[in-house]
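Could you walk me through this model in my viewer, one selection at a time? I would like to know what to pick next and what is there.

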Amino acid sequence: MSISSFASKVIGDKKRWRQYKARKEQLPANYRTAIDAVERYLMYFGRGDGPSWASMLDDLADLFEQSAANGTPIREIVGEDPVEFVEAFIQNYPEGQWRIRERKRLTNAIERAAGEDTGEEISD
């Protein structure tokens, strides 16, 4: 990868991040508090790769902007269980999620260990 393409990729990601942050700042205080909480949870438990992460945040901002514009109460957005909401939201962005990659890696390793790929058990 050339330096110029690398730099534009990095600058592009920073640009999207700044745009997202600016969009968040325009939200009413209670929506901003809610989106900050969702974002924090996503940072710890749902983060994927750069493009997936940026798309997720763009969609999150869209959801909260539209909800604020329509006067939708916070609980109608996230429901009674915010963790369930975020976990369902994350499922829309499977690419790049380390948890999904690790689940697949675990499943594949167990299948190989059990001989399911070849029909025979692996012995030591």
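On this tour, contact means heavy atoms within 4.5 Å. Keep in mind that you are looking at a predicted model.

Start with V38, and show its neighbours. Leaving aside residues up to four places away in sequence, V38 touches L60, F64, F85 and V86.

Now widen the view to the largest nonpolar core, which has 20 residues. V38, L42, L60 and F64 are the ones with the most contacts inside this core. To see where the core comes from, colour helix 2 (29-45), helix 3 (50-70), helix 4 (74-78) and helix 5: each supplies at least two of its residues. Helix 3 gives the most, with six residues.

Next, turn to the aromatic rings. How many aromatic pairs does a search of the whole structure find? There are two.

For one of them, select W17 and Y20. The ring centres are 5.7 Å apart and the planes meet at 40 degrees, so this pair is tilted. Both residues sit in helix 1 (residues 3-25), three residues apart, or about one turn of the helix.

F85 and F89 form a stacked pair, 6.1 Å centre to centre with 25 degrees between the planes. Both lie in helix 5 (residues 82-90), four residues apart, about one turn of the helix, and both are buried.

Notes
Residues are numbered from 1 along each chain as its sequence is written. This is a predicted model: local features need pLDDT of at least 70, side-chain atom pairs count only at pLDDT 80 or more; totals for chains, interfaces and linings use all residues. Side-chain values use heavy atoms; hydrogens and water are left out. Rings of Phe, Tyr and Trp (its six-membered ring) pair if their centres lie within 6.5 Å; planes under 30 degrees apart count as stacked, over 60 as edge-to-face and the rest as tilted. Buried means under 20% relative accessible area, exposed over 50%, partly exposed in between (1.4 Å probe, protein chains only). A nonpolar core is a set of buried Ala, Val, Leu, Ile, Met, Phe, Trp, Tyr and Cys residues joined through side-chain atoms within 4.5 Å.
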